[in-house]
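Student: I'm new to this structure and would like a close look at one part of it. Could you take me through the space in the protein and what sits around it?

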Amino acid sequence: MNYWLLKSEPDVWSLDQQMHSGIKGSMWDGVRNYQAANNLRKMKKGDMCFFYHSNIGKEIVGIVKVIKEAYPDPTDKSKKFVAIQVRFDRKLEYPVTLESIKKTKELKDLPLIKQSRLSVMPIDTKHWKIILNMSRIVK
DNA sequence: GCCAACGTTGGC
DNA sequence: GCCAACGTTGGC
């Protein structure tokens with residue numbers, strides 16, 4: 001299984017909205033960047049993704065699961081980009097903020113920090129575990 | 001609100 | 001194919 005991070009502005013699409021989309025999940029569409037789209041194409045059913053709120057909050061707030069692999073994004077007229085389907089898995093006990101990620105030296109090389117504009121990125125198992133542990137600790 | 005970083009577009 | 005101009009994202 002692979003791990004990923006998906007970024008969304010919470011006033012456009014938030015984890016709460018994802019939660020209310022229920023068991024059938026929802027489409028993760030609108031990606032218009034080749035690098036991000038290539039990451040979407042690599043996702044397999046069952047992969048887990050951190051859900052990060054950009055701009056407002058700037059923190060990882062939960063986890064969603066990939067339930068359908070890449071297919072043509074119906075919102076993309078050019079037919080170049082893909083969407084996936086994800087389902088709410090859970091909220092983190094404590095959100096992991098960008099600030100605390102920056103302060104953690106093992107996470108210095110996360111694309112979240114180095115490539116702040118990338119909206120879909122891979123996370124190694126090692127880093128996934130570190131972030132999960134951070135989400136169990138009150139800051 | 002500003003601006004750095006980065007991606008895309010279009011003229012040449 | 002290069003690069004200037006422009007647009008977008010996202011942190012601060």
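This is a predicted model: local features need pLDDT of at least 70, side-chain atom pairs count only at pLDDT 80 or more; totals for chains, interfaces and linings use all residues.

Tutor: The lining of the largest pocket is made up of 21 residues, and the ones nearest its centre are Lys7, Ser8, Gly30, Val31 and Ser119. Strand 1 (3-8), strand 2 (26-28) and helix 2 (34-42) each put at least two residues into that lining. Strand 2 contributes the most, with three residues. Sorted by class, the lining has seven nonpolar, nine polar and five charged residues.

Now look again at Lys7, one of the residues nearest the pocket's centre. Lys7 is also among the residues around DNA strand C, a group that includes Tyr52, Asn55, Lys102 and Arg117. Of the atoms of DNA strand C that come within 4 Å of the protein, 72% belong to sugar and phosphate. Arg117 reaches a base instead, with a side-chain N or O atom 3.2 Å from a base oxygen of DNA strand C. The surface near DNA strand C counts two nonpolar, three polar and four charged residues.

Arg117 turns up around DNA strand B as well, along with Asn33 and Tyr34. For DNA strand B, sugar or phosphate makes up 42% of the atoms within 4 Å of the protein, and bases make up the rest.

Notes. Residues are numbered from 1 along each chain as its sequence is written. Chains are lettered from A and ligands numbered from 1 in the order in which they are written. Side-chain values use heavy atoms; hydrogens and water are left out. A residue is near a molecule or strand if one of its heavy atoms lies within 4 Å of it. A polar contact is a pair of N or O atoms within 3.5 Å; within protein, one must be able to donate a hydrogen and the other to accept it, and residues adjacent in sequence count only if both atoms are side-chain atoms. Ala, Val, Leu, Ile, Met, Phe, Trp, Tyr, Cys and Pro count as nonpolar, Asp, Glu, Lys and Arg as charged, and the others, Gly among them, as polar. On a 1 Å grid over the protein atoms alone, a cavity is a set of points where a 1.4 Å probe fits but cannot get out, and a pocket is an open set with protein on both sides within 12 Å along at least five of seven lines; lining residues have an atom within 4 Å of a point. Helices (H or I, at least four residues) and strands (E, at least two) are DSSP runs, numbered from the N terminus.
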